[in-house]
Amino acid sequence: MVLSHAVSNGDAYIQSAFASRHLQAPLPRFNMPENSLPKEAAYQIINDELMLDGNPRLNLASFVTTWMEPECDKLMMDAINKNYVDMDEYPVTTELQNRCVNMIARLFNAPLEESEAAVGVGTVGSSEAIMLAGLAFKRQWQNKRKAQGLPYDKPNIVTGANVQVCWEKFARYFEVELKEVKLSEGYYVMDPVKAVEMVDENTICVAAILGSTLNGEFEDVKLLNDLLLEKNKKTGWDTPIHVDAASGGFIAPFLYPELEWDFRLPLVKSINVSGHKYGLVYAGIGWAIWRSKEDLPEELIFHINYLGADQPTFTLNFSKGSSQVIAQYYQLIRLGFEGYQNVMKNCQENAMVLKAGLEKTGRFTIASKDNGVPLVAFSLKDNTLHNEFEVSEMLRRFGWIVPAYTMPADAQHVTVLRVVVREDFSRTLAERLVLDITKVLNELDHLPSKNSQGQSHHDMGKNGIIKVPKKSALETQREITDVWKKFVMARKSSKVC
């Protein structure tokens, strides 16, 4: 009789991934490892480390979509290996993008005939869309100045100081002067009157924001258009408008259909919108839409044929995934106008629930408006002992990610907290957040002020009594804001990117 026995082959017979030697050894952080890992071990290691990330659903700092229906998730996964740029190989995907462009252009009231194709392109987000729109304005302005025999080396763009950083990137990367309209306390968007005053013959466009990142407020594009029309008529210029509708482009048509901000205004030549914000698609999709073909210079469009057919392209990148384009089309036909309107109404109502709860505490001043992007921006009425940065930091213990930040010039002494209300932020979560904020406030009330640590630097008076110079409330607020701003930036800079 032959006796046999199984020979163990190390990790191949270990059932638990956590008993594997691969999870015991430190992993290289700067160099590729010499040897391979079993797929189970690699997955477990990465999955465990990702557990330390914040919960996307509780990340109230972000405007970006964090939930989609399982059917759309499946469509995205099925298309994850499709390179969008291979238009000849994936013609249906290209057709879906064109359908999205046409639907969005008509949602923004582009002056198109019934079967006329709209002019636009899908991008990886509003940042790329803004770069493309800015390049189109710059080239249009340069071409006109050349034809007139005038200098064309000093273009500028007029915006509010509340613009997103991508506008500063555009100005710096493409050598355009950025002329910013400063803000003031209580008025955190661009003043159209001041903006038009800053326009000169070198202004390639004025950028208006439909949904400020700071407090969600819509800028008055209609007034800007009217004032700019008047100035153009007096000067002979034809300075146009671009609308940065990254956040508000999928809100205004459904909640404020009578609001004139889009292509109904003659000077609005292009609009960008983020599909991955209130377009309800995961991160990685934006849209740039032009009023007409005349507003997009032909020389900016490239034609390639080495992928199988002639393909026009106007993008800053080349390869990108197809999943987000497909997901955007799914949302547009799945929800329709009615569905988007219901989602936006729910978001707005939940924002009002949150606002009412915060006001009920009696501790906050609301900086956001009821009409605009569904978010709530708020400041402490009294932050002489504890400030908004402390509230933000302590809320993380409950899992909430609520940002605190200072306003831009000339309102940088104002600090606010902001909660973005997305589709997946329910009324229940809004009520729970108010309860947790109340707990944080009660705890802070029993803690000493961090600002009191500086007393040792003051002069000593008679009988050893510390002489503390009196400061105005504004000076105290600015001092606390500066200290916490440095503290937060130090924490961010210490993280490995």
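Trainee: Why is D436 called buried?

Mentor: This is a predicted model, and in it D436 has a relative accessibility of 2%. You'll find D436 in helix α11, which covers residues 427–445.

Trainee: What does D436 touch, leaving out residues up to four places away in sequence?

Mentor: L395, F398 and W400. Each of them counts as a contact because heavy atoms lie within 4.5 Å.

Trainee: Let's move to H242. Is H242 buried or exposed, and how do you know?

Mentor: H242 comes out at 1% relative accessibility. With the cut-off for buried at under 20%, H242 is therefore buried. H242 sits in strand β5, residues 241–244.

Trainee: What makes the link between the side chains of H242 and S270 a polar contact?

Mentor: The two side chains are joined at 2.7 Å. The limit for such a pair of N or O atoms is within 3.5 Å, so the H242–S270 pair qualifies. S270 is also in the list of residues that H242 touches, along with I130, A133, F137, W167, C205, V206, A207, A208, I271 and N272; residues up to four places away in sequence are not counted there.

Trainee: And G216, in the loop between β4 (203–209) and α7 (221–235). Why does G216 get the label it gets for accessibility?

Mentor: The value for G216 is 1%, and buried is anything under 20%, so G216 is buried even though it belongs to a loop. Its contacts, again without residues up to four places away in sequence, are G211, G372, V373 and L375.

Trainee: Now P312. Why is P312 called partly exposed?

Mentor: P312 has 46% relative accessibility. Buried stops at under 20% and exposed begins at over 50%, so 46% lands in between and P312 is partly exposed. P312 is part of strand β9. Beyond residues up to four places away in sequence, P312 touches M87, I301, F302 and H303. Between P312 and M87 the C-alpha distance is 9.9 Å, with the two 225 residues apart in sequence.

Trainee: Which residues are closest to the centre of the second largest pocket?

Mentor: P312 is one of them, together with N98, G120, V121 and I301. In total, 25 residues line that pocket, and its volume is about 690 Å³.

Trainee: Which element gives the most to that lining?

Mentor: Helix α3, with five residues. α3 (91–107), β1 (119–123) and β9 (311–313) each supply at least two. By type, the lining has 14 nonpolar, eight polar and three charged residues.

Trainee: What about cavities: how many are there of 30 Å³ or more?

Mentor: One. The largest cavity holds about 60 Å³ of space. What makes a space a cavity is that a 1.4 Å probe fits but cannot get out. F63, T65, T66, W67, K277, Y278, L280, R422, E423 and D424 line the largest cavity, and they divide into four nonpolar, two polar and four charged.

Trainee: L280 is in that list. What stands out about the phi of L280?

Mentor: Phi of L280 is near 70°, a positive value in a residue other than glycine. Most residues other than glycine have a negative phi. L280 lies in the loop between β6 (268–274) and β7 (286–290). At 2% relative accessible area, against a cut-off of under 20%, L280 is buried.

Trainee: And how do you know whether N109 is buried or partly exposed?

Mentor: Its relative accessible area is 34%. That falls between the 20% and 50% limits, so N109 is partly exposed. N109 is in the loop between α3 and β1, and its phi, near 60°, is positive as well.

Trainee: How much of the whole chain counts as buried?

Mentor: Of its 497 residues, 47%. The chain has twelve helices and 15 strands.

Key:
Residues numbered from 1 in each chain as written. Predicted model: local features only at pLDDT ≥ 70, side-chain atom pairs only at ≥ 80, totals over all residues. Heavy atoms only, no water. 1 Å grid on protein atoms, 1.4 Å probe; cavity = no way out; pocket = protein on both sides within 12 Å on 5 of 7 lines; lining within 4 Å. Points joined across faces, edges and corners; volume = space filled by probe spheres on them. Helix = DSSP H or I, 4+ residues; strand = E, 2+ residues; numbered from the N terminus. Nonpolar A, V, L, I, M, F, W, Y, C, P; charged D, E, K, R; others polar. Buried < 20%, exposed > 50% of the residue type's maximum accessible area, 1.4 Å probe, protein only. Polar contact = N/O pair within 3.5 Å; in protein donor to acceptor, adjacent residues only side chain to side chain.
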